[in-house]
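I opened the model and kept notes as I went. The entries below follow the order of my look-ups.

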Amino acid sequence: MSTKQFDVVVIGGGPGGYIGAIRAAQLGLNTACIDEWKNDKGGPAPGGTCTNVGCIPSKALLQSSEHFDHAGHAFADHGIGLKDLSIDVAKMLKRKDGVVKQNNDGILYLFKKNKVTFFHGRGSFVKAVEGGYEIAVAGAASETLVARHVIVATGSNARQLPGAPFDEELILSNDGALRIPAVPKKLGVVGSGVIGLEMGSVWRRLGAEVTILEALPGFLGAADEQVAKEAQKAFVKQGLKFEFGVKIGEVKTAKSGVTVAYTNAKGEAATLAVDKLIVSIGRVPNTIGLNPEGVGLKLDERGAIVVDGDCRTNLPNVWAVGDVVRGPMLAHKAEEEGVAVAERIAGQHGHVNFDTIPWVIYTSPEIAWVGRTEQQLKAEGRAYKAGSFPFMANGRARALGDTTGFVKFLADAKTDEILGVHIVGPFASELIAEAVVAMEFKASAEDIARICHAHPSLSEATKEAALAVDKRTLNF
Ligand code: FAD
Ligand code: NAI
């Protein structure tokens, strides 16, 4: 066992960690990244939750299931007839695993390209030493590293329901939800948040009867109310069943499936019997095995590492980014923090604008937003103007055969500065980028309204919604 010295040691190789490590190395810092994720052969699988059991595999399954759904429902409208449509779930899952592996391998390649030293194993704080911190790596080979700066990017884990631990056979976290071997007849989901909607959509499209139980009285509280309403209407039409205002009681498993006892919104006792149950009730920051107490690294009451706006912890030269700290649990937020921290370590002025972090939910219709919602502006007492444009009036959406939803702009009543943009509809995930750029540049709604947008394109709905702020749409 030898001691290796680095300028920066990153613990965790998810989007916060691996991107932070690459940026640090690009800036000439001698950088190591430690990640413990194992593939099915026990080898390294960097990329964290996002690559292995999150963003990437969920989008692969959303794509496969959307193709199946279109083939079964939308193709006929285009004059395309199909006989004997079927789904090979094993093949679909294998394809998804292949996409994950491509991303794992891509990260290992990027580490080599950027001269980041990778260690496969668990990293933990040992002690503060002269010139930095001693970090132990426990893996195939044990190592001791000394780091001038440490970036902690250890991510998060799925929250369990009390008394109902994940077995990944019947009670599933995001991990099990991404590898159900055959389409369940009845699928229960607890939590109508992002994972519940995305994974519920996947298995509903493949034929499962999906019931989602949600504790809150309303749907998707973080989204703009008008968007949430439109999306809920579409999901119900597709066949997703929702129950709001529930209180989950005992969850029992048997060979035949899972029974969830709950109290419904009227206070009545009810039960839901399903073949499998996905529990998607949020995630908890992960510091398992990190030994934060060994060096006095401060955590809050939720277990998140306490950081300031610049991702500095209470310890000198120890930084933390991504899901393990405050803020939205999103891959691109983690990446931006990783880059900003690397730049700060190198003496630059890295910056993350928390006001322009986009949210995307990859359901059909897709939901995407950036900035303030209408209900937030009302609560803040801010004077604003709103303008929206329906995809129904957009030529490209009609040609696609996907006209659900709208684009909505919220702009300051006096200055016309864009305060929020909310999209529900086709390719909202891609359309939102224009709004993010506009908000970063402090654009006004009129700026977007005056820009030439290609015809026919969905982005014309964005331009028209910007025009709608001034009540002068051209096509509606
Ligand atoms: P993680 O990605 O969790 O990575 C942490 C890494 O650190 C892991 O590899 C872990 O093994 C490793 N680690 C932990 N402790 C140690 C240790 N002591 N030593 C060594 N290694 C350690 N976000 C989006 O923006 N878009 C999406 O579409 C999206 N879809 C999602 C879908 C699902 C089903 C889920 C669950 C999440 C999704 N997310 C999405 C959220 C996104 O995955 C997370 O926000 C993101 O992965 C956080 O990145 P991170 O680097 O902070 O942590
Ligand atoms: P979430 O926070 O999005 O939603 C959890 C839902 O569960 C909420 O509606 C909450 O009210 C409900 N809930 C909590 N406790 C409950 C209980 N006991 N009974 C019934 N309902 C309960 O969390 P989710 O879906 O687990 O996802 C975790 C995070 O992962 C997301 O917040 C997001 O940050 C990230 N993610 C992002 C995606 C994307 O960007 N497209 C996709 C999937 C996940």
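**Entry 1: a residue with positive phi**

Where is the place of cysteine 311? I found cysteine 311 in the loop between α8 and β16 (318–320). I was working with a predicted model, so I kept in mind that local features need pLDDT of at least 70. Cysteine 311 is not a glycine, yet its phi is positive, about 70°. I then checked its cover. Buried means under 20% relative accessible area. Cysteine 311 has 1%, so I noted it as buried.

**Entry 2: another positive phi**

I looked up phenylalanine 427 next. Phenylalanine 427 has a positive phi of about 55° and is not a glycine. I placed phenylalanine 427 in the loop between β21 (418–425) and α12. Is phenylalanine 427 buried or partly exposed? Its relative accessible area is 46%, so phenylalanine 427 counts as partly exposed.

**Entry 3: cis peptide bonds**

I went on to the peptide bonds. Serine 364 and proline 365 are joined by a cis peptide bond with omega about 0°. Proline 365 sits in the loop between β17 and β18. I noted a cis bond between histidine 455 and proline 456 too, with omega about -10°. Proline 456 belongs to the loop between α13 and α14.

**Entry 4: helix α14**

How many of the residues of helix α14 are buried? I read eleven of eleven for α14, residues 459–469. Among them are Glu460, Lys463 and Glu464, and I also listed Leu467 and Val469. What do the buried residues of α14 pack against? I got β19 (384–390), β20 (406–412), α12 (428–440) and α13 (445–449). After α14 comes lysine 471, with a positive phi near 55°.

**Entry 5: ligand 1**

I turned to the ligands. Ligand 1 has 38 residues around it, and the closest are Asp35, Thr49, Lys59, Gly123 and Asp323. I sorted the shell of ligand 1 by type: 14 nonpolar, 18 polar and six charged. Which element gives the most to the shell around ligand 1? I found α2, with four residues. The elements that supply at least two residues also include α1 (15–26), β2 (31–35), α3 (55–74), β3 (117–129) and α9 (331–345).

I then listed polar contacts of ligand 1. An oxygen atom of ligand 1 lies 2.7 Å from a polar side-chain atom of lysine 59. The backbone takes part as well: a polar backbone atom of glutamate 36 is 3.3 Å from a nitrogen atom of ligand 1. Leucine 330 has a polar backbone atom 3.2 Å from an oxygen atom of ligand 1. On its own, ligand 1 has 1,000 Å² of accessible area, and the protein covers 94% of it.

**Entry 6: ligand 2**

I repeated the search for ligand 2. I counted 23 residues around ligand 2, with Ile195, Glu214, Gly282, Met329 and Val360 coming nearest. The shell of ligand 2 divides into 14 nonpolar, five polar and four charged residues. Its largest share, four residues, comes from α6.

Which polar atom of glutamate 214 lies 2.6 Å from an oxygen atom of ligand 2? I found a side-chain atom there. A polar backbone atom of alanine 215 is 3.1 Å from a nitrogen atom of ligand 2. For valine 360, a polar backbone atom is 2.7 Å from a nitrogen atom of ligand 2. Taken alone, ligand 2 exposes 840 Å², and the protein buries 75% of that.

**Entry 7: nonpolar cores**

I looked at the cores next. The largest nonpolar core has 37 residues, of which Trp203, Phe219 and Ile367 touch the most other members. I noted a second, separate core of 30 residues, including Val370, Phe409, Ala428 and Ala449. Tryptophan 203 touches several residues beyond four places in sequence, including Val89, Met92, Pro184 and Val210.

Phenylalanine 6 lies in strand β1 (residues 3–11). Its relative accessible area is 7%, so phenylalanine 6 is buried. Phenylalanine 6 and threonine 31 are 25 residues apart in sequence, but 5.8 Å apart from C-alpha to C-alpha. Threonine 287 is in the loop between β15 (283–285) and α8 (292–295). With 17% relative accessibility, threonine 287 counts as buried. Its contacts beyond four places in sequence include Thr154, Leu299 and Val324.

Terms used
Residues numbered from 1 in each chain as written. Chains lettered and ligands numbered in written order. Predicted model: local features only at pLDDT ≥ 70, side-chain atom pairs only at ≥ 80, totals over all residues. Heavy atoms only, no water. Near = heavy atom within 4 Å. Polar contact = N/O pair within 3.5 Å; in protein donor to acceptor, adjacent residues only side chain to side chain. Areas by Shrake-Rupley, 256 points an atom, 1.4 Å probe, with all protein chains shown as cover. Nonpolar A, V, L, I, M, F, W, Y, C, P; charged D, E, K, R; others polar. Buried < 20%, exposed > 50% of the residue type's maximum accessible area, 1.4 Å probe, protein only. Contact = heavy atoms within 4.5 Å. Core = buried A, V, L, I, M, F, W, Y, C linked by side-chain atoms within 4.5 Å.
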